[in-house]
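Dear colleague,

I am handing over the structure that we spoke about, and you will find it just below. Please look through it first, and then read the notes that follow it.

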2 protein chains.
Amino acid sequence: MKCSRCEREAVIFIRYNGEHLCAEHFMEFLERRVKHELRRQVDLRPGDRIVVGASGGKDSTTTVYLLKKILSMRRDIEIIAVTIDEGISGYRDRAIEVLRNYLKKIDVEHRIFRIKDSFGKTIDEISSLDKSLIPCTYCGVFRRSLLNRAARELGAKYVATGLNLDDTAQSIIMNFARGDLDRLARLGPHSIVKEDLIPRIQPLRMIPEKEVLLYAILRGIEFYHGTCPYADLALRNQYRKAIDEWEARSPGTRHSIVSVYDQLKPLLIENYKNFKLNRCEICGDPTPSKICKACELKIRLDKIQNI
Amino acid sequence: MKCSRCEREAVIFIRYNGEHLCAEHFMEFLERRVKHELRRQVDLRPGDRIVVGASGGKDSTTTVYLLKKILSMRRDIEIIAVTIDEGISGYRDRAIEVLRNYLKKIDVEHRIFRIKDSFGKTIDEISSLDKSLIPCTYCGVFRRSLLNRAARELGAKYVATGLNLDDTAQSIIMNFARGDLDRLARLGPHSIVKEDLIPRIQPLRMIPEKEVLLYAILRGIEFYHGTCPYADLALRNQYRKAIDEWEARSPGTRHSIVSVYDQLKPLLIENYKNFKLNRCEICGDPTPSKICKACELKIRLDKIQNI
């Protein structure tokens with residue numbers, strides 16, 4: 001099949017807009033959308049520092065690569081890759097190895113923050129301690145909390161994550177189905193800065209997962225291919241499965257979900273603008289409750305250990 | 001297993017609230033919620049006439065039964081069951097037979113309106129004429145349009161439908177995933193009356209499908225058990241399947257979806273309050289476009305027939 005824009009052979013069919021694209025035109029197509037999305041989300045000023053949450057996987061490594069590429073003319077913007085090491089052996093350690101080498105090649109500073117250092121235990125240890133909560137619950141909360149602390153410590157203005165379109169649509173539907181209107185309102189990208197909560201930006205949020213993968217391969221981006229050993233447990237799987245099926249029958253479903261959400265978001269924010277975050281009574285981090293989720297889980301762990 | 005409220009044997013376990021209930025307490029539990037829901041949705045005045053869209057199936061027949069029971073002391077309220085006969089042979093004709101007999105027994109007036117009379121063709125005929133649209137598309141649009149016209153003709157103040165909790169959660173997620181913010185805002189129950197659009201009420205919208213079925217059986221409500229021969233084609237199936245899976249893993253998911261929607265709805269309505277409905281240039285019915293969906297499909301059919 002020929003590329004819809006030139007005479008070269010197509011490498012991908014973009015089902016939701018009907019175009020066949022060759023490698024060159026596909027990369028251009030993807031980069032243009034990421035640039036547009038980045039500009040839509042954020043107005044970067046001289047001296048701004050961006051921390052990228054970098055796991056070593058395809059999405060976040062591509063995010064580092066693209067931010068570096070798109071901002072190559074902006075010497076006044078600094079990019080630091082931050083890895084949260086959850087302590088999942090045979091998985092995160094290998095990913096870090098791959099990432100470290102690649103970041104050296106493309107000359108991006110790399111910092112590692114360990115969940116064990118901040119919360120006392122690795123996710124492996126937690127998973128054998130607490131049998132009634134899936135480790136993903138701890139991992140999600142601790143990772144988010146630590147990434148925010150790391151960004152604050154490093155003086156970052158923004159935290160970029162590798163969330164792609166599939167992830168975004170899943171998060172929206174998942175929070176809807178779980179009745180979490182509050183979290184639905186607080187999903188990134190963030191336009192409003194709440195004290196001590198570094199705003200998150202998501203340059204890939206309109207790029208389907210499959211396209212991120214193809215782009216990473218075509219650009220020779222080196223990333224870790226492994227899957228988290230706990231991945232089968234994640235609640236998110238059932239939402240991924242459903243949305244994949246809807247998308248297969250009706251191409252464009254993921255885009256529609258994000259588009260409805262983006263239209264609802266101003267209404268949600270308007271409704272929540274008087275919503276005040278408290279300070280966690282234990283760690284001082286911002287939280288909608290009295291004690292933040294991370295401290296709540298830490299207390300739970302301590303209790304289990306003392307039984 | 002004993003009933004959580006008395007010494008009798010339980011007939012159902014209400015998973016989302018943890019109670020085992022005997023037949024008596026289950027029926028009381030269901031009726032209380034329907035009464036509450038009805039009162040929340042509508043403030044009935046003397047002389048009000050309610051048209052119930054009655055297909056002969058468990059949901060709508062139970063709706064007729066419950067409205068009659070709940071409003072038994074309100075001699076000033078009139079209930080008329082209206083069946084839209086789509087013209088699906090071996091299915092709707094049988095359902096009508098069952099319904100007619102039952103409505104006679106419980107003394108409720110019954111009226112039938114035929115899609116063929118209003119739109120020129122039965123759904124069976126349409127399904128063999130138009131092979132590129134599923135018959136459910138025609139059926140949904142024609143049924144909704146005709147039910148509204150019937151209610152108007154009969155001078156009804158409200159149209160009640162048998163939508164249960166499962167249907168409601170499916171409609172919400174389906175319209176979200178299809179990017180239909182406009183229809184999301186216009187899902188019933190309707191609190192605002194738009195001229196010529198009879199407001200819909202949905203007494204069963206918080207009752208899970210399984211509970212409606214059990215209630216109908218326990219109360220001896222006679223309903224038609226058949227399934228529409230086109231049911232396998234409906235887009236809704238994939239949303240039903242997904243939500244059923246989520247509910248199985250996380251009981252309460254359907255309730256959460258409806259609850260998030262109900263919290264969003266005032267924001268949506270506020271946003272859409274200046275939204276003016278037009279008059280269809282062909283039939284004069286209210287429509288957000290120039291030509292209403294029913295006339296649009298009728299034109300499509302005429303074209304196909306003239307090829």
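Predicted model: local features only at pLDDT ≥ 70, side-chain atom pairs only at ≥ 80, totals over all residues.

Residues are numbered from 1 along each chain as its sequence is written, chains are lettered from A and ligands numbered from 1 in the order in which they are written, and side-chain values use heavy atoms, with hydrogens and water left out.

The contact (heavy atoms within 4.5 Å) takes 31 residues from chain B and 31 residues from chain A. Between them the two chains bury about 2700 Å², 67% of it on carbon and sulfur atoms, where buried area is the accessible area (1.4 Å probe) that two parts lose on being put together, summed over both. Of the area that chain B buries against chain A, 26% is supplied by Phe176(B), Trp246(B) and Arg249(B), more than by any other three residues.

The two copies were superposed by least squares on the C-alpha atoms of residues with pLDDT of at least 70 in both, and a rotation of 180° with 0.0 Å of shift along its axis places chain B on chain A with an RMSD of 0.0 Å. That is the relation of a two-fold axis, and the same surface serves both copies, since 100% of the contact residues of chain B recur in chain A.

Within chain A there is an open sheet of five strands in the order S5-S4-S3-S6-S7, with parallel pairing; strands are DSSP runs of E of at least two residues, numbered from the N terminus, and two of them pair if DSSP finds at least two bridges between them. The edge strands are S5 (109–114) and S7 (200–201) of chain A, each of which pairs on one side only. Strand S3 (residues 49–53) of chain A is joined by five bridges to strand S4 (residues 78–85) of chain A, and the two run parallel, with Ile50(A) standing opposite Ile79(A) in S4(A).

How values were computed: Helix = DSSP H or I, 4+ residues; strand = E, 2+ residues; numbered from the N terminus.
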